[in-house]
Amino acid sequence: MSFDILPNEILCLLPLYLDNIETFTNAAASCRRLRDCLYTAHPDTILRLAAASAPTFFSPHPHFLVAATARQASDWALGNESRTLSLRRAFQGGIDSLYKFCVQHAGLSLDDIRRTHQARFSIINPLSDKIDKMAGKQWYDTENFWSGGVSEPYTIDTEADRATMQLIIYGELFGRGMDAFLQPEKNLPYFSIRTRIDYLTYCLPDWVCSDYPGFQRLSTGPYAPHLDRPDEGDQVAMHHILHCGRWRRMWSAAIRSALGDDTFTDEEEENEHWRKKLLRNVLQSQGLQGMQLVTLPVDRMDQDYVQKARRMKQQVDQLDAPPPVERLGKGTLTAVSFAPDPPNEVEIPCRNMWGPWTAADPDEDSGEESDPDWELNLETIEQ
């Protein structure tokens with residue numbers, strides 16, 4: 001039987017019976033009529049086909065498809081307590097659990113897939129190369145590494161491609177929450193510090209991550225009892241990346257170039273004004289689109305996004321005070337902003353690497369009531 005005699009209504013149902021995205025694209029390329037019919041497939045169907053092709057076409061897996069769908073999953077949960085709890089449970093199961101959550105609550109169009117694959121060459125790969133030069137194999141290959149070859153030698157184990165995706169996913173999940181602090185008059189929802197730290201704790205597995213007073217690491221996801229201790233050191237690696245001089249200088253140069261702020265200098269963290277800290281956090285928490293600021297020249301960037309970044313800078317400049325903070329950790333407590341604050345948030349789950357073994361009181365010097373949810377007494381994902 002020829003496809004020519006089938007009505008369009010039947011042809012449009014074909015994607016429901018295909019096995020993966022490769023079969024879909026091959027079928028769509030066979031003739032114009034079939035292409036027009038298949039391209040009407042629902043985003044849920046396209047995502048299912050894409051998931052069936054991973055990791056062959058969407059590596060690193062599952063991070064690539066999580067990065068492509070995390071914003072939709074985040075939007076589904078944002079502002080709803082029960083849905084946010086479901087998102088936290090997904091975090092607690094690790095990156096594979098988050099991937100299943102995103103597949104359940106998101107979809108992809110063919111245009112989404114094309115844009116993400118184009119971004120692999122313009123944003124993802126260049127950013128991974130930069131991270132590799134500041135924390136990965138290329139960094140370690142520097143001559144006289146331990147004897148002055150680099151300014152901040154340190155023992156870390158960084159998988160640059162994975163770290164790149166972890167940063168992008170963070171922004172896709174939590175970047176929209178910045179609007180609540182840039183436009184406080186709108187009283188917009190945002191994810192709590194605990195929710196963001198859940199992502200860093202379980203989706204960036206690290207062998208140093210363990211309980212200490214004030215912080216509980218559940219035995220779920222990568223830390224499940226039946227699994228070996230995680231081989232990865234992703235939290236310590238991310239802490240180094242976000243605090244190292246190269247990362248900070250890279251963003252300072254981008255802000256001067258794309259936002260036209262010649263006053264944005266490379267000050268030490270402890271001497272940096274709160275507006276500069278907030279602006280850097282705002283820009284590096286915008287997900288895949290936001291990372292073009294540090295991978296593309298201004299004339300090749302999406303100009304709509306450049307204008308958005310400039311508006312966000314204006315909003316930061318108009319704030320009368322910084323977002324509130326909560327002091328967390330152990331030993332010398334870390335002031336973590338209520339607004340997305342990846343450099344300080346990532347320090348909390350791997351805090352055992354720094355400071356003396358003293359009890360950490362989340363309320364110390366903060367003047368805020370404690371949040372019993374910090375103990376993460378939540379129903380965990382079934383193992």
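Buried means under 20% relative accessible area, exposed over 50% and partly exposed in between, using a 1.4 Å probe and protein chains only. This is a predicted model in which local features need pLDDT of at least 70 and side-chain atom pairs count only at pLDDT 80 or more, while totals for chains, interfaces and linings use all residues. Residues are numbered from 1 along each chain as its sequence is written, and side-chain values use heavy atoms, with hydrogens and water left out.

**Exercise 1. Which residues of α4 are buried, and what do they pack against?**

Step 1. Find the helix: helices (H or I, at least four residues) and strands (E, at least two) are DSSP runs, numbered from the N terminus.

Step 2. In α4, the buried residues are Thr 45, Ile 46, Leu 47, Leu 49, Ala 50, Ala 51 and Ser 53.

Step 3. Look for contacts, meaning heavy atoms within 4.5 Å. The buried residues of α4 pack against α2, α5, α7 (95-105) and α8.

**Exercise 2. Describe helix α2: its buried residues, their cover and its N-terminal cap.**

Step 1. Within α2 (residues 21-28), Ile 21, Phe 24 and Ala 28 are buried. Viewed down the axis of α2, these buried residues fall within an arc of 55 degrees, so they line one face of the helix. The arc is taken over the directions from the helix axis to the C-beta atoms.

Step 2. Their cover includes α3 (32-38), α4 (43-53) and α8 (110-135).

Step 3. At the N-terminal end, Asn 20 caps α2, with a side-chain oxygen 3.0 Å from the backbone nitrogen of Glu 22.

**Exercise 3. How do the axes of α5 and α10 cross, and which residues make the contact?**

Step 1. Two packed helices are described by the angle and the distance between their axes. Here the axes are lines fitted to C-alpha atoms over the stretch in contact, with angles from 0 to 180 degrees between N-to-C directions.

Step 2. The axes of α5 (residues 63-77) and α10 (residues 160-174) come within 8 Å and cross at roughly 10 degrees. The two helices are therefore roughly parallel to each other; angles under 35 degrees count as roughly parallel, over 145 as roughly antiparallel, 65 to 115 as roughly perpendicular and the rest as oblique.

Step 3. From α5, the contact includes His 63, Phe 64 and Val 66, and from α10 it includes Arg 162, Met 165 and Gln 166.

Step 4. Now zoom in on Gln 166 of α10. At 2% relative accessibility, Gln 166 counts as buried. Beyond its neighbours within four places in sequence, Gln 166 touches His 63, Tyr 199, Cys 203, Leu 204, Asp 234 and Met 238.

**Exercise 4. Where do Pro 60 and Pro 62 lie, and what is phi at Asn 144 and Asn 187?**

Step 1. Recall that most residues other than glycine have a negative phi, and most peptide bonds are trans.

Step 2. Pro 60 is in the loop between α4 and α5, and the bond from Ser 59 to Pro 60 is cis, with omega near -5 degrees. Pro 62 also sits in the loop between α4 and α5; the bond joining His 61 and Pro 62 is cis, with omega about 5 degrees.

Step 3. Asn 144, in the loop between α9 (137-140) and α10, has a positive phi near 55 degrees. Asn 144 counts as exposed at 51% relative accessibility.

Step 4. Asn 187 has a positive phi of about 55 degrees and lies in the loop between α11 (179-182) and α12 (193-202). Asn 187 counts as exposed at 69% relative accessibility.

Notes. A polar contact is a pair of N or O atoms within 3.5 Å; within protein, one must be able to donate a hydrogen and the other to accept it, and residues adjacent in sequence count only if both atoms are side-chain atoms.
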